[in-house]
Amino acid sequence: MPAAAPAKPRRLDEPAGPLLRVESLHVRFGSQEVLRDISIDLEPGRTLVVLGESGCGKTVLLKSMIGLIRPTAGDVQFEGQSLAGLNDRSLAHLRTRYGFVFQGAALFDSLTILDNIAFPLREHTRIADTEIRSIVASLLDEVGLPRSVLSKKPVQLSGGMRKRAGLARALALDPQIVLYDEPTTGLDPIMSDVINELILRVRERPQVTSVVVTHDMHTARKVADRVIMLYPVFRLRPDEPQIVFDGTVEELGRSRDPRISQFVEGRAGARLMELREEQARDNGAPVESAADALTDAATDADEGEADA
Amino acid sequence: MAARSSAHSPTGMTGWFANQVANLGQFAMDWVAGVGDVAVFAIQTIGWIFARRQRRDVLLPNFYQIGVMSLPVVALTGLFIGMVLAVQSYAQFKALGLQTRLGSVINLSLVRELGPVLAATMLAGRVGSAMAAELGTMRVTEQIDALESMGANPIYYLVVPRFLGCLILIPSLTVMADFMGVLGGYFYSHVLLGIDYHHYWANSREYVDVFDFLLGIFKTLFFGAAIALVSCHHGFHCEPGAEGVGRAATNAFVHSFVLILILDLFLGIWLNNVHDFFRPEGPRKLL
């Protein structure tokens with residue numbers, strides 16, 4: 001296994017073990033296996049980026065880390081405490097140490113931005129409303145949103161603003177670990193970079209550990225201390241591990257594994273042939289026209305790349 | 001592969017019969033699992049009513065949506081049902097020369113059956129499907145996951161206020177449906193059919209008593225609870241996409257309505273027994 005990036009010096013008050021441990025995690029929905037034997041140790045203060053193509057189980061892994069999805073087998077431990085062993089009340093209390101930034105921000109439609117960001121503070125603290133307002137204002141400053149959005153409903157904001165409001169809400173309880181689910185998906189390149197900068201800024205908070213699930217290589221290059229790459233279970237051999245890469249982003253770029261290099265370079269390559277086979281299998285007979293079109297497009301793209 | 005599987009599976013009439021039995025078994029298992037799931041959901045909801053003090057800022061908007069916003073449609077339904085009852089019953093009663101008894105049959109039907117069932121049906125249609133669609137959208141857009149990720153319980157925040165709203169406000173809506181139905185029946189009978197108002201009300205008073213009215217109101221508590229639980233359960237278990245949300249809203253109404261009818265039948269049988277217990281002389285004869 002490739003060596004991980006040099007670790008930050010450990011503070012005296014940091015726990016000795018990993019902050020989060022995922023141990024032989026299996027998740028299955030009915031007959032569909034989504035995660036197979038995933039094991040990850042996450043050190044405090046580090047940023048882990050989980051890469052992988054759509055449908056490979058990245059979001060399921062992220063939701064398993066906070067106990068939103070119960071594993072079929074295996075365990076997730078936060079500071080050595082198993083999430084599976086906690087009752088609802090203890091799990092709810094533990095979740096106050098997490099921040100979760102959802103793909104679509106998941107702000108509550110019926111509440112204003114002020115009420116959305118203040119929600120965890122009102123739920124878990126007895127802070128006076130005036131102080132909550134000032135905390136919300138400072139969180140807005142941190143994510144670069146104007147105060148004028150406070151009275152607006154989420155539907156009145158742009159996608160980038162909603163993501164930043166979602167990040168502000170995730171940071172409201174000063175979490176130890178922040179989980180980001182596709183933080184730059186659906187945003188323009190400039191706003192994507194703004195979000196990447198915010199992830200870096202959040203990392204500067206003392207003791208904050210981050211897990212970023214993405215398929216955006218730009219985000220991975222910018223924020224990752226460590227990268228793991230998942231591969232869809234249905235395309236693995238029975239004995240193959242689902243984590244096909246674990247290392248630094250530099251090592252990722254040097255990998256000779258075609259599954260990894262294709263993803264890093266954004267080339268469809270042999271995947272198109274697989275799609276063709278899947279299509280034919282599903283239809284019971286080859287569907288030449290659509291598959292040929294796909295293959296032609298891939299060939300054109302490869303030739304164009306070669307010319308360049 | 002196909003040949004090999006067909007060699008192992010029964011064919012012909014036996015195969016068809018085996019498949020039907022298997023399908024029936026699967027349906028029964030799914031049904032039992034579904035009922036069990038709703039029962040657990042109901043127990044959790046009732047548990048959260050007592051586990052934590054309810055927040056006024058969460059309750060009131062739900063109460064407004066369920067109660068105040070449903071009032072016009074429930075009132076309108078009641079008004080027209082009262083008039084329709086008068087239209088449909090008049091010819092039969094007139095043939096027997098008993099037009100003045102029209103008030104008793106209209107008002108008895110209204111307060112015992114039609115008022116409660118129609119108020120519940122309107123609530124299921126207007127509020128139940130909206131609740132399923134709203135919670136379904138929250139599920140699809142991960143807002144329910146967001147609540148859980150912040151250590152908040154979605155049943156406490158989303159289901160309990162809706163459950164309490166339906167439970168507490170459906171009796172008031174039924175009173176409104178009853179009142180408007182009585183008014184509609186009287187308007188049509190007296191103003192348009194010319195039935196003497198004194199006899200109309202005297203007969204109504206004689207045959208409809210407080211027990212009939214309370215019986216109707218009592219039933220609505222079960223209807224309200226059923227609407228809220230079934231609709232919220234459909235919203236919570238909504239499948240992804242616009243189609244999933246649409247299906248959740250439709251199923252919420254259909255299943256609530258079927259449950260209202262089933263509850264109405266069994267509550268009707270049980271409450272008649274209760275009535276007989278308190279009034280052994282039996283009901284007064286209308287005709």
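**Note on a predicted two-chain model**

1. Read along the sequence, chain B follows the pattern α-α-α-α-α-α-α-α-α-α. The count for this chain is 10 helices and zero strands. The model is predicted, and the points below should be read with that in mind.

2. The overall dimensions of chain B come next. Its radius of gyration is 24 Å, whereas a compact globule of 287 residues would have one near 19 Å. Along the principal axes, the C-alpha trace of chain B spans about 80 × 60 × 40 Å. Of the 287 residues in chain B, 43% are buried. Among the contacts in chain B with a separation of 6 or more, 88% are between residues 24 or more positions apart.

3. One helix pair in chain B deserves a comment. Helix H4 (residues 71-95) and helix H7 (residues 154-192) of chain B pack with their axes 6 Å apart, at an angle of about 35°. The crossing of H4(B) past H7(B) is right-handed. Sorted by class, the residues in this contact are 18 nonpolar, seven polar and one charged.

4. B:Glu142 is worth checking for its backbone. This residue has a positive phi of about 65° although it is not a glycine. Its place is the loop between helix H5 (102-140) and helix H6 (143-149) of chain B. B:Glu142 counts as buried because 21 other C-beta atoms lie within 10 Å, the cut-off being 20 or more.

5. In chain A, six strands form an open sheet of mixed pairing, in the order E6-E7-E8-E3-E9-E10. E6 and strand E10 (243-247) of chain A are the edge strands, each pairing on one side only. From one strand to the next, the twist averages 15°.

6. Two pairings within this sheet can be given in detail. Strand E3 (residues 47-51) and strand E9 (residues 226-230) of chain A are parallel and share four bridges; A:Leu48 has A:Arg226 of E9(A) as its bridge partner. E6(A) and strand E7 (residues 177-181) of chain A also pair in the parallel sense, over four bridges. Here the bridge partner of A:Tyr98 is A:Ile177 in E7(A).

7. Two helices of chain A lie across the sheet strands. Helix H1 (residues 58-65) of chain A lies across E3, E7, strand E8 (209-213) and E9 of chain A, and runs at about 150° to E8(A). Helix H9 (residues 258-265) of chain A lies across E3, E9 and E10 of chain A, and runs at about 70° to E10(A).

8. Strands E1, E4 and E5 of chain A are also paired. Strand E1 (residues 20-29) and strand E4 (residues 73-78) of chain A run antiparallel and are joined by five bridges, with A:Val22 opposite A:Val76 in E4(A). E4(A) also pairs with strand E5 (residues 81-82) of chain A, in the antiparallel sense over two bridges; A:Gln77 has A:Ser82 in E5(A) as its bridge partner. E4(A) and E5(A) form a hairpin with two residues between them, and A:Glu79 in the turn has a positive phi of about 50°.

9. A:Glu182 is another residue to check. It has a positive phi of about 45° although it is not a glycine. A:Glu182 sits in the loop between E7 and helix H6 (189-204) of chain A. With 22 other C-beta atoms within 10 Å, A:Glu182 is buried.

10. The contact between the chains takes 16 residues from chain A and 11 residues from chain B. On the side of chain A that touches chain B, the elements giving two or more residues are helix H2 (88-94), strand E6 (98-101) and helix H3 (113-124) of chain A. H3(A) gives the largest share of that side, four residues. The residues on this side of chain A are 10 nonpolar, four polar and two charged.

11. In H3(A), the buried residues include A:Ile113, A:Asn116, A:Ile117 and A:Phe119. Among the elements covering the buried residues of H3(A) are helix H4 (129-143) and helix H5 (159-171) of chain A.

Terms used
Residues numbered from 1 in each chain as written. Chains lettered and ligands numbered in written order. Predicted model: local features only at pLDDT ≥ 70, side-chain atom pairs only at ≥ 80, totals over all residues. Contact = placed C-beta atoms within 7 Å. Nonpolar A, V, L, I, M, F, W, Y, C, P; charged D, E, K, R; others polar. Pairing = 2+ DSSP bridges. Rg over C-alpha atoms; globule rule 2.2 N^0.38 Å. Buried ≥ 20, exposed ≤ 12 C-beta atoms within 10 Å, placed from the backbone. Axes fitted to C-alpha atoms, helices over the stretch in contact; angles between N-to-C directions. Left-handed = near helix turned anticlockwise from the far one by under 90°.
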